[in-house]
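I opened my notebook to follow a few helices and side chains, one entry at a time. Come along and check each entry against the picture.

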Amino acid sequence: MLNNFILLVQAQHALPMFLIIPFLILIGMIAAGPIFFGHFWEHNYKTVAVVLGLTVLAYYLFVLGDFHMPIHTMAEYITFAVLLSSLYIAAGGIYLNVNTNATPAVNVALVAVGAILANFIGTTGASLLLIRPFIRLNVHRIKPYQIVFFIFIVSNAGGLLTPLGDPPLFIGFIKGVPFFWTLQHLFTPWILSIALLCLLFFLVDRRNKETEYTPRPEVVAKINEKTEFLFTGKRNLFWLAIIIGAVFLDPNVIDGLPHIYYDGAKISFLREIIQLSAAFLCYRFSSKTALAGNHFNFHPILEVVFLFFGIFFTMMPALQLSAQIASSPAFAQYITPNFLYWSTGSLSGFLDNAPTYANFLSLAMAKFDLSQGNVADVRQFAAGTSSAGIETLIQLEAISLAAVLFGAFTYIGNGPNFMVKAIAESAGIKMPSFFAYILRFSIPFLLPILILVWFLVVHLRIF
């Protein structure tokens, strides 16, 4: 116990604990601002997020003299912001409308399709493509819980099967985890999670008796006909394909791509240029009918871009402090699949899940003298062929499951969450506050499933 305390003190000396205060302030403002000082927050959230982020950034650069962490964080943030912005613009020009009666079964079917689609175009792409049709379908009976279950299923758990599905898994792929590893090892947990979440959604949605599922006026004329789908903006699928395809243009994976070399890493810029160019052309030539039908505007994406600027830079000290403490030899014995599941999950829920995944992958590999910077080591770790045997494979399963599934625990756990919330609010839906989301939905509905997945998959290894 004394040794652990000494290590904690050493970590604190390496990086001052007070540096996490800006992050706590920002999270507190995100949680309390809309409730207690909504007018101020609505007009000043950009300034608050940017100032707090720049404050931490300035301390790293001018006091600590640390350029390494800020530059890597900036590269990750730009990649994150460019991808989300590009997908938002591309999806905004695609108008989908389902002319059918919004029953609980139809709602479950739509989010289940979204969960499958998330593995091909990412949770961000699937969320942006389907959230507006989902809201329109339920316009006569829309409730906040429907948006929350959409976030649980489409924006997070759905993307568990491929590296395209969720940012943490894509980071693993870039570092050397085989593309089909997730499909091979996480398919059963995916089925289990999606099935249970859909079942809960169905049971809760059945209690929504408003108008007893009376169809919308525009559906009445078609009620005796077959279900119809209206699809406008097909040309945007081309630009969407370019944006998603550009994701693979990573100079750390494909040799010969132009890049900026810094501190042993190749920082991409070609990928981002292609995505932004595709987004610009997509918006320039988008169907005006589709944009009008979606009530497209840039407010939701600007909110995400500014708030996550603050989150990315203020969370640097929190990630470093946790890594310093946990990577010490005294803690090596505690690095088990159970520890990795709950620690990765806990931080993924309240920090962005992509850097959390990367930190705990590095931590788990360091226990076995493997490096996440070495592709061969990562492949050994994923295959369970290192000297530690299958234990490394189980640890990677625990990290991957936790990073993706716990990303739904708060609005800030995964990028699409906040964007879906912003789109829903722009449509006039009063979404729960930060803490209400956790207390009313994450704890009673999501947490039992997270516990069950841990118990069956990580702890007992039944699947």
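**Entry 1: a pair of helices.** Before comparing directions, I noted that an axis is a line fitted to C-alpha atoms, for helices over the stretch in contact. I also noted that this is a predicted model. I then looked up helix α17, residues 375–383, and helix α18, residues 391–405: their axes come within 5 Å and cross at roughly 90°. Angles of 65 to 115 degrees count as roughly perpendicular, and α17 and α18 are therefore roughly perpendicular to each other.

Which residues of α17 and α18 meet? On the α17 side I wrote down Gln380, Phe381, Ala382 and Ala383, and on the α18 side Thr392, Leu393, Gln395 and Leu396. Sorted by class, the contact of α17 with α18 has 5 nonpolar residues, 3 polar ones and no charged ones.

**Entry 2: the core.** I next looked up the largest nonpolar core, which has 138 residues. The residues with the most contacts inside this core are Ile30, Ile147, Phe152, Ile153, Tyr341 and Leu401. Which helix gives the most to the core? My note says helix α5, residues 104–137, with 14 residues.

Setting aside residues up to four places away in sequence, Phe152 touches Ala157, Leu197, Ala408, Tyr437, Phe441, Ser442, Phe445 and Leu446.

**Entry 3: cysteines.** How many disulfides does a search of the whole structure find? I wrote down 0. Cys198 has a relative accessible area of 9%, so I marked it buried. Cys282 is at 0%, so I marked it buried as well.

Entry 4: Helix α8 covers residues 181–206, and Phe187 lies in it. Leu200 has its place in helix α8 too. Phe187 has a relative accessible area of 39%, so I put it down as partly exposed. Leu200, at 24%, also counts as partly exposed.

Then I listed their contacts, leaving aside neighbours within four places in sequence. Phe187 is in contact with Leu161 and Thr182. Leu200 is in contact with Phe149, Phe445 and Ile449. Phe445 was already in my notes as a residue that Phe152 touches.

Phe187 and Glu397 are 210 residues apart along the chain, yet their C-alpha atoms are separated by 11 Å. Leu200 and His185 are 15 residues apart in sequence, and 25 Å apart in space, C-alpha to C-alpha.

**Entry 5: a phenylalanine in α13.** Is Phe309 buried or exposed? At 13% relative accessibility, I counted Phe309 as buried. Phe309 is in helix α13, residues 299–314. Not counting residues up to four places away in sequence, Phe309 touches Ala49, Val50, Gly53, Leu54 and Tyr77.

**Entry 6: a backbone angle.** My last stop was Arg461, in the segment after α20 (434–459). Phi of Arg461 is near 60°, a positive value in a residue other than glycine. With 29% relative accessibility, Arg461 counts as partly exposed.

Terms used
Residues are numbered from 1 along each chain as its sequence is written. This is a predicted model: local features need pLDDT of at least 70, side-chain atom pairs count only at pLDDT 80 or more; totals for chains, interfaces and linings use all residues. Side-chain values use heavy atoms; hydrogens and water are left out. Axes are lines fitted to C-alpha atoms, for helices over the stretch in contact, and angles run from 0 to 180 degrees between N-to-C directions. Helices (H or I, at least four residues) and strands (E, at least two) are DSSP runs, numbered from the N terminus. Angles under 35 degrees count as roughly parallel, over 145 as roughly antiparallel, 65 to 115 as roughly perpendicular and the rest as oblique. Contact means heavy atoms within 4.5 Å. Ala, Val, Leu, Ile, Met, Phe, Trp, Tyr, Cys and Pro count as nonpolar, Asp, Glu, Lys and Arg as charged, and the others, Gly among them, as polar. A nonpolar core is a set of buried Ala, Val, Leu, Ile, Met, Phe, Trp, Tyr and Cys residues joined through side-chain atoms within 4.5 Å. Buried means under 20% relative accessible area, exposed over 50%, partly exposed in between (1.4 Å probe, protein chains only). A disulfide is a pair of cysteine sulfur atoms within 2.5 Å.
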